[in-house]
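Student: Could you take me through one part of this model up close, and then show me how its surroundings compare? I'd like the cut-offs spelled out as you go.

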Amino acid sequence: MTTGRTVLFAVAGGAAVGNLYWAQPLLDDVAADLGTSSALAGLLVTLTQVGYALGILLVVPLGDVLDRRRLVPGVLLASAVALVGAAVAPGFATLLVALALVGTTTVAGQLLIPLAGDLADPAARGRVVGTIASGVLTGILLSRTVSGVIAGFAGWRTVYVVAAVAAVVLAVLLRRAIPELPPRERVAYPRLIGSVFRAVGAHRAVRVTLVISAAVFAVFTMFWTSLTFLLSAPPYGWSTTAIGAVGLVGLAGAVAAQRVGRLHDRGWSVPVTGGALVLVLVSLVVAGLGAGSVPVVLVAVLLLDVGVQATNVLNQTRLFAIDPAARSRLNTAFVTSNFVGGAIGSAVAGVLWNAGGWTAVTIGGSVLVGFATTVWAVHRRRALVVPERTASA
């Protein structure tokens, strides 16, 4: 993994995952253009996410058995076709189908991360994975802003045209950049999908890591969902645009994701994970006590994003060290568990907000982080310690 290849993987991963979020600031424009309601237009985001979950489960495991030099560019080209379909969609139903296909095919980032784990020198694996993970996070954070700017100048359809062109360009670059790799063992597709669950069941460290990661991601989505409620209500009354701009504070999390991988390379993965969990807990305490102050809330956002992204990178890198032959399948399990945790967090956010407002949300989040920290503390000396012979594979 040269510096250039690492940067290309990071850019490609960020551009791919950004496809999931182009529609969020465009919903009103799409609704007006296609003659539907804003509420119904919200299904565009939901269907894209559902498609992504299917892609993670059904496409990403192929990275363990197929030639990634062909698979990754092929997935990007398929995504480009789906994006063009969204750009030219004549009606709302067609756009729904196109965006569901965009979600299913926009998994290049989750194929590139385990590929980078295979290509990286063991002593630099954490740094490489962290850099690419930071690229993916940056794509998530910037996609809404980029989408709004392009749509403001040239309309919402142009957003998908630009994304399609970017996907084609990245497919060509990656076809040249990904090196020739030894052939991998052929596995029947049903057996391959089933082996995702067997890989999780075979390693206690995987199960423990997935529990911690899902709990932390649930807190992350719970916090951000409720933050919208907090900032849109009195005494703030912020607009949607202003609330969206708060997400740029999360770029600090992208920087943390890039840097924290180096700590894994030094053998500090488990203790730093504990420190990151404590940081998330501190952020929730700060948020709860400082709900009436914008600067304090922004500090809480900064601390939360750094803690959550540090935990994610360390957990993901540790999984890659457990079973090198199943990295794509373990990544499937990792992303899926985070997706489930995030969905639960979003659902619980509304319940807690209605029950007790921001205070209830921060207390609920603290309980979840406390649970994750307890799991970490119980297993930090056994299950979470990856044997040296495996870590260097």
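Tutor: Let's start with Thr131, which sits in helix H8 (residues 125-154); helices here are DSSP runs of H or I with at least four residues, strands are runs of E with at least two, and both are numbered from the N terminus. This is a predicted model, where local features need pLDDT of at least 70, side-chain atom pairs count only at pLDDT 80 or more, and totals for chains, interfaces and linings use all residues. Residues are numbered from 1 along each chain as its sequence is written, and side-chain values use heavy atoms, with hydrogens and water left out.

Thr131 counts as buried because its relative accessible area is 13%; buried means under 20%, exposed over 50%, and partly exposed in between, using a 1.4 Å probe and protein chains only. A polar atom of the Thr131 side chain lies 2.9 Å from the backbone oxygen of Arg127.

Now for some other helices. In H6 (residues 92-105), the buried residues include Phe92, Leu95, Leu96 and Thr105. Helix H15 (residues 294-322) has 29 residues and reaches 42 Å from first C-alpha to last, close to the 42 Å expected. H15 is mostly covered too, with 21 of its 29 residues buried.

Leu58, in helix H4, is partly exposed, because its relative accessible area is 37%.

Note on methods
The expected span of a helix is 1.5 Å times one less than its number of residues. A polar contact is a pair of N or O atoms within 3.5 Å; within protein, one must be able to donate a hydrogen and the other to accept it, and residues adjacent in sequence count only if both atoms are side-chain atoms.
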